[in-house]
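Please look through the sequence and the model below before reading on. The report that follows moves from the terms, through the whole chain, to single residues.

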Amino acid sequence: QVHLVESGGGLVRPGGSLRLSCEASEWMFGIRFMNWYRQAPGKQRELVASLSDDGPINYAGSVKGRCTVSRDNAQKLYLQMNSLTPEDTAVYYCNIRYEIGLGVLGDYWGQGTQVTVSS
């Protein structure tokens, strides 16, 4: 079974930067979207950034202009985050949506990495 592992989270001061990474345990086929989600306590899970074969197709309004999602040839997913604020504090999850069959999608999820923005 494919496992996704996030890394790069931690404690950062407001205005700081960090880069999250997501690495899969094996090469995957049929990838349609590579996404970053986040969830803060008491809040709904939200999509932070989404990447398709053509590149990034969506950023949450709260992070647009501060974040960049990308991937490399080894299917490693990244989220560069700049100008961080306490509102960015959340658990960040890597998600990969892949095509099982025509019009049928499946999901892989990582366990999440904690990002805390605090003075």
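## Terms and basis

A residue counts as buried when its relative accessible area is under 20%, as exposed when this area is over 50%, and as partly exposed in between, with a 1.4 Å probe and protein chains only. By this scale Ile 57, with a relative accessible area of 49%, is partly exposed.

The model is predicted, and for this reader it matters that local features need pLDDT of at least 70, that side-chain atom pairs count only at pLDDT 80 or more, and that totals for chains, interfaces and linings use all residues. Residues are numbered from 1 along each chain as its sequence is written, and side-chain values use heavy atoms, with hydrogens and water left out.

## The chain as a whole

The secondary structure comes to zero helices and eleven strands, where helices (H or I, at least four residues) and strands (E, at least two) are DSSP runs numbered from the N terminus. Read along the sequence, the pattern is β-β-β-β-β-β-β-β-β-β-β. The radius of gyration of the chain is 14 Å, close to the 14 Å that the globule rule gives for 119 residues, so the chain is as compact as a globular protein of that length; the radius is taken over C-alpha atoms, and the rule is 2.2 Å times the number of residues to the power 0.38.

Taken along the principal axes, the C-alpha atoms fill a box of roughly 45 × 30 × 25 Å. Of the 119 residues, 40% count as buried. The chain exposes about 6,600 Å², of which carbon and sulfur atoms supply 48%, the areas coming from the Shrake-Rupley method with a 1.4 Å probe, and for residues only the protein chains shown count as cover. Among contacts (heavy atoms within 4.5 Å) between residues at least 6 apart in sequence, 54% join residues at least 24 apart.

## Two aromatic pairs

How many aromatic pairs does the structure hold? There are two aromatic pairs, and rings of Phe, Tyr and Trp (its six-membered ring) are paired if their centres lie within 6.5 Å, with planes under 30 degrees apart counting as stacked, over 60 as edge-to-face and the rest as tilted. The rings of Tyr 37 and Trp 109 have their centres 5.1 Å apart and their planes at 50°, so this pair is tilted. The pair links distant parts of the chain, since Tyr 37 belongs to strand S4 (residues 31-39) and Trp 109 to strand S10 (residues 104-109), 72 residues apart. Tyr 37 counts as buried at 16% relative accessibility, whereas Trp 109 counts as partly exposed at 33%.

Tyr 98 and Tyr 108 form an aromatic pair that is stacked, with 4.6 Å from centre to centre and 15° between the planes. This pair also links distant parts of the chain, with Tyr 98 in strand S9 (residues 90-101) and Tyr 108 in strand S10, ten residues apart. Both Tyr 98 and Tyr 108 are buried.

Arg 45 lies over the face of Tyr 37, at 4.7 Å from the ring centre; a charge sits over a ring if NZ of Lys or CZ of Arg is within 6 Å of the ring centre and within 35 degrees of the ring normal.

The side chain of Arg 38 makes a polar contact of 2.6 Å with the side chain of Glu 46 and another, of 2.8 Å, with the side chain of Tyr 92. A polar contact is a pair of N or O atoms within 3.5 Å; within protein, one must be able to donate a hydrogen and the other to accept it, and residues adjacent in sequence count only if both atoms are side-chain atoms. Leaving aside neighbours within four places in sequence, Arg 38 is in contact with residues including Gln 44, Arg 45, Val 48 and Asp 88.

## Strand S6 and the loops

Ile 57 is placed in strand S6 and, not counting residues up to four places away in sequence, touches Phe 33, Ser 50 and Ser 52. Asp 53, in the loop between strand S5 (46-52) and strand S6 (55-59), is exposed, with a relative accessible area of 57%.

Gln 75 lies in the loop between strand S7 (67-71) and strand S8 (77-81), and its phi is near 65°, a positive value in a residue other than glycine. Gln 75 counts as buried at 11% relative accessibility.
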